[in-house]
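User: Hi! Could you walk me through this structure?

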Amino acid sequence: MENKKQKTVDILKETRKASENGKIRVKEFMGIKKKIKASLKLESKTIPQIIDETKLDASFVTYSLMTMMKYGDVQVDKIDDDDEYYFYKLKEVK
Amino acid sequence: MDNQDKVQKFDVMVIGGGIAGEEAALNLAKMGFKIILVEKDYSIGGKMVHLSKVFPTLDCSACITTPKMSETTREPNITIKTYSEIKEIEKSGNHFIGKIIKKPRFVDEDTCTGCQLCEDVCPVSVDDQYQYDLVGRKAIYIPFAIALPKVAAIDLDNCILCGACEKVCPANSIDFTEKPEEILFEVTSVLIATGFNLFDAGKKVEYGYGRYKNVIHAMQMERQLVPTRPFNTVLRPKDGKSPDNIAYVLCTGSRDKSVGNPICSQICCMYSIKQAQLLMGALPMADVTIYYIDIRAYGKGFQEFYQQTKDMDVEFVKGKIAKIEEKEDGNLELFYEDIENGGKVKTAEHDMVVLAVGLLPNNEIASVFKDEELELDPFNYIKQKDKLINPALTSIDGVFVAGTAASPMDIPDTILSAGAASAEVAGYIRSLK
């Protein structure tokens with residue numbers, strides 16, 4: 001059964017190459033995910049605080065952080081005193 | 001003879017699995033007709049399933065749509081083909097014959113349980129088209145939370161062929177060798193319910209959509225207002241700030257000859273007013289300003305809904321927006337003609353702008369009719385041959401149209417239109433017997 005499971009992707013690989021765009025996006029996402037995780041390791045932060053620390057493009061940080069939240073890597077902690085920016089923290093792995 | 005054996009026969013082909021297609025298919029199925037419903041997307045539900053609430057009642061849109069989707073999939077007289085494309089339709093006597101291509105999703109629809117373990121292990125992240133690019137999705141993914149069928153699909157154009165999904169799938173449902181399936185059909189009648197296309201906000205270059213991240217379009221705001229939203233609440237896409245001064249720009253891509261769409265889209269005023277009310281609930285401290293040319297609150301309860309929104313302190317400014325510029329902090333400066341105060345050009349600053357994009361015709365289906373021309377009206381919607389008496393009739397005998405494939409309309413009118421179309425289709429088929 002294990003052989004059969006492995007087989008279909010290998011069969012496709014004989015006639016089709018992996019997506020170049022897919023490879024770029026993996027690299028990009030893995031890179032920013034690593035930086036965001038490192039930034040949130042010690043304490044929860046707002047998006048502008050993450051941007052300040054990582055020097056990454058603002059909208060890309062928001063997009064990536066929200067994607068990480070969608071897939072359960074981060075969660076909302078609290079909102080700041082001015083009710084403007086949320087603090088995000090790493091999701092605890094049980 | 002072989003081909004003849006393979007031909008699948010139905011009474012009606014319904015093209016499009018949105019609210020109009022579902023409504024018409026269910027009506028006809030309940031009358032005893034055999035239906036094949038063809039949907040180009042991975043799931044039925046159309047655009048309505050992605051909306052937050054409907055106007056003017058503020059009923060939950062998904063709560064109305066999902067039971068209908070479910071009923072459609074369970075109805076024994078309806079055969080659904082999702083992720084399928086009609087290649088050709090030809091008239092043959094009193095029938096239509098043709099070909100559908102069911103495209104491969106590389107996941108077995110019968111065995112996939114929708115567990116999403118494959119999504120967890122997929123390393124790819126690309127824009128999620130069902131969240132209007134506000135967040136990412138994986139290369140293997142369940143299209144959206146309430147998709148029907150709830151089956152994963154592989155986006156091969158972005159897949160790196162790592163095989164992680166295949167390894168982890170507990171139901172052995174992944175099949176990278178899946179090929180397109182050709183389906184030959186014969187039907188007595190065709191009902192077109194292909195809906196509309198959304199105006200591409202990027203075409204109004206002066207509004208900065210795409211360049212300025214805090215300029216979003218109305219479907220992106222709609223997604224921010226639903227429970228299955230991309231963000232934890234309504235936020236600015238540029239920096240995650242909770243907005244407190246939001247502007248709506250009505251008639252973006254409607255009543256505008258410069259973008260080739262001179263007609264009113266019928267729904268933008270009301271959906272903007274609805275979103276303004278929802279925003280007042282989601283962000284009680286926020287100011288909302290709606291810049292309009294005219295407010296067209298023409299339906300039952302619409303005027304009262306508009307008045308109620310004004311009473312909630314949503315500001316309405318009669319003014320055409322000329323251009324939008326971004327400031328350093330991500331706020332946006334709007335330049336507009338203040339029509340009610342002498343027509344002077346004024347400026348206003350907001351921290352988020354929503355473009356109320358209009359509807360465009362979706363007439364691609366016209367090209368699949370091989371021997372007869374499916375005529376379009378002057379605005380490129382499917383032409384209604386007899387708009388007042390038989391609104392579903394098209395230029396081809398036996399081919400009918402329902403919903404926004406025929407013209408812009410709101411959800412109640414779409415459902416009414418689908419009801420009328422199903423009655424006309426039933427009458428047509430019975431007249432042949």
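Predicted model: local features only at pLDDT ≥ 70, side-chain atom pairs only at ≥ 80, totals over all residues.

User: Great. How many residues of chain A are in contact with chain B?

Analyst: On chain A, 38 residues are in contact with 42 residues of chain B; contact means heavy atoms within 4.5 Å.

User: And what area is buried between chain A and chain B?

Analyst: About 3,300 Å², with carbon and sulfur atoms giving 58% of that. Buried area is the accessible area (1.4 Å probe) that two parts lose on being put together, summed over both.

User: How many salt bridges are there across that interface?

Analyst: The rule finds four between chain A and chain B, a salt bridge being a side-chain nitrogen of Lys or Arg within 4 Å of a carboxyl oxygen of Asp or Glu. One pairs A:Lys70 with B:Asp128, whose closest N and O atoms are 2.8 Å apart.

User: Which element gives the largest share of chain A's side?

Analyst: That is α1(A), with nine residues. Helices (H or I, at least four residues) and strands (E, at least two) are DSSP runs, numbered from the N terminus.

User: What classes of residue are on that side?

Analyst: The side of chain A that touches chain B has 19 nonpolar, eight polar and eleven charged residues. Ala, Val, Leu, Ile, Met, Phe, Trp, Tyr, Cys and Pro count as nonpolar, Asp, Glu, Lys and Arg as charged, and the others, Gly among them, as polar.

User: New topic: how is chain B divided?

Analyst: Into domain 1 (8-103 + 180-195 + 362-432), domain 2 (117-168) and domain 3 (199-359); the bounds come from an automatic or database domain assignment.

User: What do domain 2 and domain 3 of chain B bury between them?

Analyst: About 710 Å², 69% of it on carbon and sulfur atoms. From domain 2, B:Gln131, B:Tyr132 and B:Leu134 supply 80% of the area it buries against domain 3, more than any other three residues.

Note on methods
Residues numbered from 1 in each chain as written. Chains lettered and ligands numbered in written order. Heavy atoms only, no water.
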